Amino acid sequence: LAQTFVLAAFSSINMKRRITAGCVILLSSSSSADGFLSSEIGRHPHLDAYANLVTSSSQLNLAKTKTKKKNKKQSKTGGGGLKGFGGSKSSSVTAGAIDRSKSALKFYNYLSKNGAESNLERVGLGYFPLKIDDDTTIQLRGVIALKDISKGDPIIEIPYRMALDLGRESADPTLPATAFLQKYCAWRSGADVPPGDRDRGDYFDMLPPFLSDDCLGSTDFFSDSALDMLQSPMVKEETLERKKLVKLRYERDIESMTQMSSNLYQWDGEAATEDHLLWASWIITSRVLTVQGPPESSFSNRLLIPLIDMCNHSRKSPHILTGRAMPGGLLKVVAGVDVKAGDAIDICYGGGVEGNDRFIQDYGFLDSSPEAYKIVAKKLLGKGRSIAKMTAAEQEVELQSLKATTLEEDETLLGNCSEIDERAALG
């Protein structure tokens with residue numbers, strides 16, 4: 001769900017176009033079921049990883065690559081499923097090339113060894129072409145169906161024990177980020193880890209790398225000038241507050257530990273930095289799912305769920321997330337419609353009620369669907385179903401900020417701008 005900055009931001013230009021056009025919002029319903037909840041810090045009932053849509057020019061993705069490619073060679077499978085892939089002259093999987101890289105094969109093996117092998121009969125990781133312009137096509141990695149799946153049947157089933165449980169839900173992403181960073185650093189440094197974490201490195205290897213294009217689309221990594229170009233005080237303020245939380249958490253919980261022990265929070269032989277925690281916090285906000293505990297419990301936990309968090313975003317996704325964070329539990333994506341072999345398996349981020357003001361912060365991309373902008377416009381007008389409400393004063397400040405420059409001035413500035421984050425903010 002990141003990008004070559006075809007994505008970008010809340011975008012003052014796009015926002016002005018939609019506000020001046022007189023937006024009327026259409027809200028999509030949340031495709032979550034038993035156990036999965038909306039979250040204030042990231043991948044709500046929908047999930048995440050990497051967020052872009054996949055099968056049309058209106059879709060972006062969360063786990064994409066930057067390569068240019070005009071002609072895509074189709075891969076073939078034999079009979080559905082990853083086993084036997086490439087062994088047949090004919091194939092029912094034609095929409096995208098299966099990811100059979102070394103890291104992907106190790107990830108598939110990780111799933112097989114931990115009780116999730118049946119998924120590989122139904123889905124795998126694949127690349128979907130997204131045309132940016134006449135000369136550039138980027139490849140978006142996501143989850144692809146390897147066989148037909150009927151409505152109501154499971155598409156993905158991950159045992160709860162495979163999820164990385166980062167504790168109770170709260171509005172502060174830095175606490176689970178600290179726990180995640182400790183495990184990630186232990187894997188990178190080759191340190192001794194608990195038996196349950198020993199194979200988790202094959203999953204960690206599939207996550208967006210530190211300071212990769214995937215994360216740089218988020219406002220957390222924008223310069224001050226790019227944040228100003230968004231012309232959104234609410235987005236800038238929240239971004240700066242999140243950075244303050246990262247700084248405080250780093251000084252309190254990580255820096256002190258690295259000074260006490262040379263074995264903790266080591267990144268390539270040196271102590272992890274504040275930027276590493278900022279990246280880890282983005283991993284949390286962009287990929288974590290909030291899942292309810294046992295039926296008798298009122299608590300919800302934040303989980304990183306392998307494979308499910310590799311689904312891309314579509315506001316129109318009919319698929320349902322279900323399951324509970326409890327021993328013996330299964331975390332599922334259930335087909336909301338019949339699925340054909342070769343289809344991209346997308347889910348809806350933000351529960352279908354959040355707009356691009358959240359998407360650019362939490363995921364690092366823009367949902368190009370009109371609804372994603374209309375939700376923001378509704379929020380500015382004090383309407384809609386967004387989790388976060390604005391006061392009348394906040395709405396006025398936001399609207400006045402957008403009026404500071406004209407659409408024509410923004411377009412001229414965009415034409416003369418070379419910095420990636422600034423172009424993202426304007427574009």
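# Reading a predicted chain

Q: Where is tyrosine 265 found?
A: Tyrosine 265 lies in the loop between H7 and S7, where helices (H or I, at least four residues) and strands (E, at least two) are DSSP runs numbered from the N terminus. This is a predicted model, in which local features need pLDDT of at least 70 and side-chain atom pairs count only at pLDDT 80 or more, while totals for chains, interfaces and linings use all residues. Residues are numbered from 1 along each chain as its sequence is written, and side-chain values use heavy atoms, with hydrogens and water left out.

Q: What is the phi of tyrosine 265, and is this residue buried or exposed?
A: Phi of tyrosine 265 is near 55°, a positive value in a residue other than glycine. Buried means under 20% relative accessible area, exposed over 50%, and partly exposed in between, using a 1.4 Å probe and protein chains only. Tyrosine 265 has 6% relative accessibility and therefore counts as buried.

Q: Where is leucine 211 found, and what is its relative accessible area?
A: Leucine 211 sits in the loop between H4 and helix H5 (213-216), and it has a positive phi of about 55° although it is not a glycine. Because its relative accessible area is 38%, leucine 211 is partly exposed.

Q: What does pLDDT average over the chain?
A: The term pLDDT is the predictor's confidence in each residue, from 0 to 100. The chain averages a pLDDT of 78, and 75% of the residues score at least 70. Over residues 17-31 pLDDT stays under 50, and the model has 35 contacts beyond four places in sequence for that stretch, a contact being heavy atoms within 4.5 Å. Residues 38-95 also have pLDDT under 50 throughout, with 256 contacts beyond four places in sequence.

Q: How many helices and strands does the chain have?
A: The chain has 13 helices and 14 strands, and of its 427 residues 55% count as buried. Among contacts between residues at least 6 apart in sequence, 75% join residues at least 24 apart.

Q: Why does the span of helix H7 agree with its number of residues?
A: The expected span of a helix is 1.5 Å times one less than its number of residues. Helix H7 (residues 233-260) has 28 residues and should therefore span 40 Å, which agrees with the 40 Å between its end C-alpha atoms. The buried residues of H7 include Arg242, Val246, Arg249 and Tyr250.

Q: How many residues has helix H3, and what does it reach from its first C-alpha to its last?
A: Helix H3 (residues 174-189) has 16 residues and reaches 22 Å, close to the 22 Å expected at 1.5 Å a residue. Its buried residues include Phe180, Leu181, Tyr184 and Cys185, and the buried residues of H3 pack against elements among them H7, helix H8 (274-287) and strand S10 (300-304). Just after H3, glycine 190 takes a positive phi of about 75°.

Q: What order do the strands of the open sheet have?
A: Strands of a sheet pair through backbone hydrogen bonds, either parallel or antiparallel. Two strands count as paired if DSSP finds at least two bridges between them. Here an open sheet of three strands has the order S2-S3-S4 with antiparallel pairing, and its edge strands, S2 (97-98) and S4 (137-145), each pair on one side only. Two bridges join S2 to strand S3 (residues 123-131), and alanine 97 has tyrosine 127 in S3 as its bridge partner.

Q: Over how many bridges do S5 and S13 pair?
A: S5 and strand S13 (residues 330-334) pair in the antiparallel sense over five bridges, with lysine 332 in S13 as the bridge partner of glutamate 157. Strand S5 (residues 154-159) is mostly covered, since five of its six residues are buried.

Q: How many disulfides does a search of the whole structure find?
A: A disulfide is a covalent bond between the sulfur atoms of two cysteines. It is assigned to a pair of cysteine sulfur atoms within 2.5 Å, and a search of the whole structure finds zero. Cysteine 311 is buried at 0% relative accessibility, and cysteine 348 is buried with a relative accessible area of 4%.

Q: Which residues does serine 401 touch?
A: Serine 401, found in helix H11 (residues 392-402), touches Gln231, Ser232 and Pro233, not counting residues up to four places away in sequence. Because its relative accessible area is 19%, serine 401 is buried.
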